[in-house]
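Colleague: Before we discuss details, could you show me the model, and then take me through its packing, its pairing and its charged contacts?

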Amino acid sequence: MADTIHRNFMSQEDAEAARGALLAAGFPASALNLAPHRSGAQSTTVSAVENIMNSLTPDNADNTDEKRPRPVALLSVDVLDNEQREQAEAILRSHNAIDA
């Protein structure tokens, strides 16, 4: 059963290492897609809402003063069967992949 696995990475280096390990394990390059996340410019509305929410909560009261880290890359892997899925999942986990 053909399917695609999507996993995020917190570092570009981990994503590239996972892609390299998948290639070394025999996955074809055409089955892999590594895409960096690009953060778009924040709209005026989103900025205004964030400023209002930040002004309503005391510092460190809700642990939202520091921005939450965001994934920097998404790696997608096309798999043909459950065996390939398990192999790809193991490789992705070993390179610190997180669910997309």
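Modeller: Helix 1 lies across strand 1, strand 2 and strand 3, and runs at about 175° to strand 2; contact here means heavy atoms within 4.5 Å, and angles run from 0 to 180 degrees between N-to-C directions, with axes as lines fitted to C-alpha atoms, for helices over the stretch in contact. Helices (H or I, at least four residues) and strands (E, at least two) are DSSP runs, numbered from the N terminus. This is a predicted model, in which local features need pLDDT of at least 70 and side-chain atom pairs count only at pLDDT 80 or more, while totals for chains, interfaces and linings use all residues. Residues are numbered from 1 along each chain as its sequence is written, and side-chain values use heavy atoms, with hydrogens and water left out.

Colleague: Which strands does helix 3 touch, and what angle does its direction make with that of strand 1?

Modeller: Helix 3 also packs on the sheet, where it touches strand 1 and strand 3. Its direction makes with that of strand 1 an angle of about 5°.

Colleague: In what order do the strands of the sheet lie?

Modeller: The sheet is an open one of four strands with antiparallel pairing, two strands being counted as paired if DSSP finds at least two bridges between them. Strand 2 (32-36) and strand 4 are the edge strands, because each of them pairs on one side only. The order is 2-3-1-4.

Colleague: How many bridges join strand 1 to strand 3, and which residue is the bridge partner of N8?

Modeller: Strand 1 and strand 3 run antiparallel and are joined by seven bridges. Strand 3 (residues 73-79) is also joined to strand 2, by five bridges and again antiparallel, with P36 standing opposite A73. The bridge partner of N8 in strand 3 is L74.

Colleague: Which residue in strand 4 is the bridge partner of R7?

Modeller: Strand 1 and strand 4 run antiparallel, and two bridges join them. In strand 4, the bridge partner of R7 is D99.

Colleague: At what angle do helix 1 and helix 3 pack, and into which classes do the residues of their contact divide?

Modeller: Helix 1 (residues 12-24) and helix 3 pack at an angle of about 145°, their axes being 9 Å apart. Helix 1 passes helix 3 in a right-handed crossing; a crossing is right-handed if the near helix is turned clockwise from the far one by less than a right angle, and left-handed if anticlockwise. A18, A21 and L22 in helix 1 meet A88, I91 and L92 in helix 3. With Ala, Val, Leu, Ile, Met, Phe, Trp, Tyr, Cys and Pro counted as nonpolar, Asp, Glu, Lys and Arg as charged, and the others, Gly among them, as polar, the residues of this contact divide into six nonpolar, no polar and no charged.

Colleague: Is R7, which meets E89 in a salt bridge, buried or exposed?

Modeller: The side chains of E89 and R7 meet in a salt bridge at 2.7 Å, N to O, and since E89 lies in helix 3 and R7 in strand 1, the pair ties together parts that are 82 residues apart in sequence. Buried means under 20% relative accessible area, exposed over 50%, and partly exposed in between, with a 1.4 Å probe and protein chains only. At 16% relative accessibility, R7 therefore counts as buried.

Conventions: A salt bridge is a side-chain nitrogen of Lys or Arg within 4 Å of a carboxyl oxygen of Asp or Glu.
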